[in-house]
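Let's learn to read a helix together. Have a look at the model first, then we'll talk it through.

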Amino acid sequence: MTFVPHTDKDRAEMLSAIGVRSMDDLFADIPAELRVKALDMAEGVSEQEVYDRLHEMSRRNAHSLTSFLGGGFYDHVIPAAVDSLTSRGEFFTAYTPYQPEVSQGTLQAIFEYQSMICRLTGMEAANASMYDGGTALAEAVIMAVNVTGRDKVVISTGVNPIYRRMIRSYTANLGIRLVELSASPDGVLDRAVAVAALDGDTAALIVQNPDYFGSVDDFSDLAQAARDAGALLIASVYPISLGLLKRPGDMGADIVTGEGQSLGLPLSFGGPYLGFFAVRQALVRKMPGRIVGETVDRHGKRCFVLTLQAREQHIRREKATSNICTNGALCALRATVFMSLLGRQGLREMAQSCARKAAYAKRRLAQIKGLRVRNRAPVFNEFTIELPAEADGVVCKLIDNGFAAGFPLGRYYPELGNCLLVALTEKRSKAEIDSFAEALEVAL
Amino acid sequence: MIPLIFEKSVPGRRAVTLPRLSPAELEAPLELPEGVLAEMPPDLPEVSELDVIRHFTALSQQNFSVDTNFYPLGSCTMKYNPRICEKVAALEGFAGLHPLLPQLRCGETLAQGALEVLWQTERLLCELTGMNAFTLQPMAGAHGELTGMLLIAAYHRANGEKREKVLIPDSAHGTNPASASMAGFKVVTVATDAEGNVDIADFKSKLDSDTAAVMLTCPNTLGIFERGIREIADLSHDNGTLLYYDGANMNALMGRARPGDLGFDVVHLNVHKTLSTPHGGGGPGAGPVGVTAALEPFLPIAIVDKHDDGTFALNYDRPRSIGCIAPFYGNFAVLARAFAYMLLLGGDGLRQATDHAVLNANYLRVKLQDDYEIPYNRVCMHEVLLSANRQMKLSGVRALDIAKALIDAGHHPPTVYFPLIVHEALMIEPTETESKETLDAFIADMIRIARLAQSDPEVFKTMPEETRVSRPDETKAAREMKLAMIQDG
């Protein structure tokens, strides 16, 4: 395939206008010994051949298992209108809205996205989005260190272990001390331990709700304790749960981040996803990432622009709040369309459906002999079960029956080798839950 | 003015219906105590599906895009995005695939097709750039830069060295210094010489035993191939300093030169530029990073390996790795588009794309050189840098005014005021997918605008006239900080 429209005649006229004889002359600045003769790659092929090849590859993936896998990434309903609207070329073939007059569509959509994230989380300002929930959390850590001028960050091991690894990699050279507080599936974070870890060097305390094991918490008291210690409270949250659960802003969080994948983005083997990032108004100027603001044009009409750019890399260079340049605009658009379609009642119903199905599945699985539900705290859509055998092996067996049974926790928590994290969404039917329970019973 | 979606909300109106719960599920006790529950449902708009369709369709029509307009935004490579790439990325076997599946003990067999896409993409990127190995994890260009800087820090640390400085030319993208700084380095700026290349004398004076790396964009942001590249590479390597390639401008080099052959040790690509994945209004992109063999042990986990029996596996057993910089394997659906694009074009097609990108830029250069200042007027690569300095001095018409006049002519403006070292910069990158007719129409408008700047500079003040919005008050936006509509009304 080619997407170059030039005819031989065009080429000849253009080369002549430039005053060179051949294409090669345009590359004369490249030292001769460094030029490439030809790339060792196959010749180009037709659309149909590319489709056939990728279609064949796509079929060698087990995407149609009845899945109870979650761990921060969930298989939710995506209304058809999400794909339809976000595949409009006016959205997906535009770029960062540097020229506001010809980007009001993108700018207003981002303003609506920021507004929805604020309403969902109970915060006062949100940025235009980041790459994913993990990078958003890592950026929050760096922001907290910059805001407080302190170097210690306390993090619960109930925070997604993948995010904890990302924070470690991100901050490896910044002289930040990460202190982990041990959490377990049995209950919520131990308050005495958490409060004892907060001292005059602490920049932030990081919690997750629901935590990685599925337990739901109200951490208003921890937010207060952090404030008393002069530290920020950072909360990483699951946005669908906010259809039902108390908002982190109402608990007193200073920075709220999370993975927006469940808001209308397909799982897509790990990306692209959506990091959301929201703060209290007082922290806006320290927030990383693009921000859209409302203003008026020269006729006094309401319109939107990229604002507070003095924080950003293209102005501040090495002194910027972050190196981030683009956001996840099209992913944020998906989330905005998704939240518009679900609306006030729809998101609540989705959250209730998840919670009801989890409650049903938890009760059903608890009837299996030798199996124990570990969570003693309330759960939302995910919970931890302990099996009489190593979870990894049991999960393997169940794949043959067509089930992705959940995520064995031993991979990230060696002491929990027999534990399995089971997630429910509105897409799992009662019949699927029942047959999963039967298959699990047999496998044990 | 298009009302906000919140302003269209009517209590009780709704769109989506969810699957019905069975009686047994409805009876299951929730066990969620009041303390953890929200008092009210989330304050999202209450609208019908048709309301949503009309609202976002109307918003989309407020945008310029590659699909609707010539979009010569310099350094952004706004080329056509082939639709087949969208189609294959959305295949259910990819889109519905949970990223944790291959982390199950028996899980790699469940994602062989997806792992092969990643492995093959890595191989093609290695050939395209002349590097030994790639990580596909970085989720954007700037994220690639940060990853590259973390790799360089780890490399020096492993050699028992603590080098703290990174040299960056003054013409570089702002992400370069910001990324180096986020990786813990101190940034030292290097000057540009009269011809637009790195000032070698200044470079030599700043290169010392504390210099961890040099970050270069090649061709640079002036649109010029760095002629001293061999010398810079040799000086750096003799000093134990690594050379970093910012791939923002790789569309100028495909099939013509490879960063690995030029002496670069670490390379990032912007697949949303060079390999034509959509820009999406500002993301998502992908910024894979390639390295020489010496840096390969430090790449983030996991790496996709191909076994002798032809199967693919994720390798996490990499003790010297910098760790995780993405939750999984990178922006898979973006990478799948880039893979499809490379297959469609093949080696010859990629070179053809580069050749025509450079041809188009030079055509614009010669056609506009009489009416605009061209600070470094010589054969350029894939973009040409103009200045509105002459218009500014003669009649007070600035680069921004010319940008607004171009909007009225139906073109997306070039990048303005970048690079920072050129006054009134207008950086134009036409890309290879634009026809001679489109370029001729743009040239005619640019010349008309240059003449208008002489004859009637006052008219620029009210431009653009053709758009719904004109010259937003950015100072007011920054002062008032209205960043969200938190409550209706």
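Q: What covers the buried residues of helix 14 of chain B?
A: Helices here are DSSP runs of H or I with at least four residues, numbered from the N terminus. The cover includes helix 1 (8–18) of chain A, along with helix 11 (332–368), helix 12 (389–395) and helix 13 (399–408) of chain B.

Q: Before we go on, how should I read the model and its numbering?
A: This is a predicted model, where local features need pLDDT of at least 70, side-chain atom pairs count only at pLDDT 80 or more, and totals for chains, interfaces and linings use all residues. Residues are numbered from 1 along each chain as its sequence is written, while chains are lettered from A and ligands numbered from 1 in the order in which they are written.

Q: Which residues of helix 14 of chain B are buried?
A: Buried means 20 or more other C-beta atoms within 10 Å of a residue's own; exposed means 12 or fewer, and partly exposed is in between, with C-beta atoms placed from the backbone. The buried ones are B:Lys436, B:Leu439, B:Phe442, B:Met446, B:Ile449, B:Ala450 and B:Ala453. Seen down the axis of helix 14 of chain B, they fall within an arc of 145° (taken from the directions from the helix axis to the C-beta atoms), so they line one face.

Q: And which residues are exposed on the other side of helix 14 of chain B?
A: There you'll find B:Glu437, B:Asp440, B:Ala444, B:Arg451 and B:Ser455.

Q: What does B:Lys436 touch?
A: Contact means C-beta atoms, placed from the backbone, within 7 Å. Leaving out residues up to four places away in sequence, B:Lys436 touches A:His6, A:Asp10 and A:Met14.

Key:
Helix = DSSP H or I, 4+ residues; strand = E, 2+ residues; numbered from the N terminus. Contact = placed C-beta atoms within 7 Å.
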